[in-house]
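Me: I'd like to learn how to read a few local features in a model. Can you walk me through them?

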Amino acid sequence: MNILANQVGIEVGGDVNQLELWDPNPREHSGLLNELVGLVTDAAPLRFLWRKKLTASDVSSQQTRFVLHRNVVRDNIVRCLTSQQRDDLCNNGEQIQVAGFDEEGRQWELKLKKRMQSGHDTGTYVLIGEWTQMVSANGWSADDEIKIWGLPYAGMEDQWRFGPYHDFSVVNFVFTTTV
């Protein structure tokens, strides 16, 4: 476990080959499974990225963002980004599109960006967009623990495990509390 991540209530995923596998209950998660048909396959499974105990600011309707420390992005999120997305996010300060799916299968339009203050890197990233609506719709509150899952395909845009029509312009994450 990363010590700094532990201090902010985050458990990072570690080695991609040792990660927890996605194993949803088909009855409880039928909506989500229907939305992920074609995205998640045996060759391209969802993998556990990290878990976080939500803070008051993560669920605040006034804050409207979900905070991620730079180590979480560096150690976990980058696995789900194309090389262009990594460069845009980490080096160019641009935001990238994220499709966030909840356990009901609802898709939320999110954006991931590096947080800057007075032109300086704060060491954090934030998910913005429909984050607050996602929190409200799921009834999440401070101290709830969520798991975040993703498709780890960093730098593998042309690999065999993705279909020819796979859309690499949007990063797909699944947010769960029960799986």
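This is a predicted model: local features need pLDDT of at least 70, side-chain atom pairs count only at pLDDT 80 or more; totals for chains, interfaces and linings use all residues.

Me: How many aromatic pairs does the structure hold?

Reply: There are 5 aromatic pairs. In one of them, the ring centres of Trp 50 and Phe 173 sit 6.4 Å apart with the planes at 90°, so this pair is edge-to-face. Planes over 60 degrees apart count that way. Trp 50 belongs to strand E2 and Phe 173 to strand E8, so the pair ties together parts 123 residues apart in sequence.

Me: Which residues form one aromatic cluster?

Reply: Phe 66, Trp 131, Trp 140 and Phe 175 do. Phe 66 also has a charge to look at: Lys 52 lies over the face of that ring, 4.8 Å from its centre.

Me: Now backbone angles. Which residue other than glycine has a positive phi near 80°?

Reply: That's Asp 143. You'll find Asp 143 in the loop between helix H6 (131-138) and strand E7 (145-150). Thr 64 isn't a glycine either, and its phi is positive at about 50°. The loop between helix H3 (56-59) and strand E3 (66-69) is where Thr 64 sits.

Me: Is Asp 143 buried or exposed?

Reply: Asp 143 is exposed, because its relative accessible area is 54%, and the cut-off is over 50%. Thr 64, at 37%, is partly exposed.

How values were computed:
Residues are numbered from 1 along each chain as its sequence is written. Side-chain values use heavy atoms; hydrogens and water are left out. Helices (H or I, at least four residues) and strands (E, at least two) are DSSP runs, numbered from the N terminus. Buried means under 20% relative accessible area, exposed over 50%, partly exposed in between (1.4 Å probe, protein chains only). Rings of Phe, Tyr and Trp (its six-membered ring) pair if their centres lie within 6.5 Å; planes under 30 degrees apart count as stacked, over 60 as edge-to-face and the rest as tilted. A charge sits over a ring if NZ of Lys or CZ of Arg is within 6 Å of the ring centre and within 35 degrees of the ring normal.
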